Amino acid sequence: MTIAERIFDLAKQQKKRQSDIARFLGVRATTVSEWRKGKHDISASYYPKLAEYFGVSLDYLITGNEPRGAPATAPLQQIIGNNNSHNTAIAGDMCDGLSALDIELLKVVSGFGIREKTEVLHFAYQIEKEIKSGGGF
């Protein structure tokens, strides 16, 4: 399931209209309609607000899976921050199980704003999808 499909599935479950989503995000209703029809991708800069709107974690919105605990969520939380009250808090040593390259990536990204962090994360998920589909990168 794509992020857009997940968003509109949540909207259906919560009986929220496209116009409600548009008003919350400050975009035109036609923009949301184009997202639904797959004519345009949803900018990753909207992900935190959409997660807040639907009352789900950013992890769930992006991956479809709720975080299971600190080790699994630590890299994601460290990259995007914890601006969503529904995100799981990080506990313990966040570097357990991370390679030196993972830690270096987190150090670089930690200086980014939330928009840049979500763009990096979105790009990383696109790369992961291409690799898993056998297309490589």
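User: Which residues lie nearest the centre of the largest pocket?
Analyst: Here a pocket is an open set of points on a 1 Å grid over the protein atoms alone, with protein on both sides within 12 Å along at least five of seven lines. Lining residues have an atom within 4 Å of a point, and this pocket has 22 of them. Those nearest its centre are Met-1, Thr-2, Ile-3, His-122 and Lys-129.

User: What am I looking at, and from which number does the residue count start?
Analyst: It's a predicted model, where local features need pLDDT of at least 70, side-chain atom pairs count only at pLDDT 80 or more, and totals for chains, interfaces and linings use all residues. Side-chain values use heavy atoms, with hydrogens and water left out, and residues along each chain, as its sequence is written, are numbered from 1.

User: Which helix gives the largest share of the pocket lining?
Analyst: Helices are DSSP runs (H or I, at least four residues), numbered from the N terminus. Two or more lining residues come from each of H1 (3-13), H3 (29-37), H5 (58-63) and H8 (114-132). The largest share is 6 residues, and it comes from H8.

User: How many charged residues does that lining have?
Analyst: Let's sort by class: Ala, Val, Leu, Ile, Met, Phe, Trp, Tyr, Cys and Pro are nonpolar, Asp, Glu, Lys and Arg are charged, and the others, Gly among them, are polar. The lining has 9 nonpolar and 6 polar residues, and its charged count is 7.

User: Are H1 and H4 roughly parallel or oblique to each other?
Analyst: Their axes, lines fitted to C-alpha atoms over the stretch in contact, are 11 Å apart at about 25 degrees. Angles run from 0 to 180 degrees between N-to-C directions; under 35 counts as roughly parallel, over 145 as roughly antiparallel, 65 to 115 as roughly perpendicular and the rest as oblique. So H1 and H4 are roughly parallel.

User: Which H4 residues make the contact with H1?
Analyst: Contact means heavy atoms within 4.5 Å. H1 brings Ile-3, Ile-7, Leu-10 and Ala-11, while H4 brings Tyr-47, Leu-50 and Phe-54.

User: How do H2 and H4 lie, oblique or roughly parallel?
Analyst: The axes of H2 (residues 18-25) and H4 (residues 47-54) come within 11 Å and cross at roughly 125 degrees. That angle is why H2 and H4 count as oblique.

User: Which residues of H3 touch H2?
Analyst: The axes of H2 and H3 come within 8 Å and cross at roughly 120 degrees, which means H2 is oblique to H3. From H2 come Gln-18, Ile-21, Ala-22 and Leu-25. From H3 come Ala-29, Val-32, Ser-33, Trp-35 and Arg-36.

Conventions. 1 Å grid on protein atoms, 1.4 Å probe; cavity = no way out; pocket = protein on both sides within 12 Å on 5 of 7 lines; lining within 4 Å.
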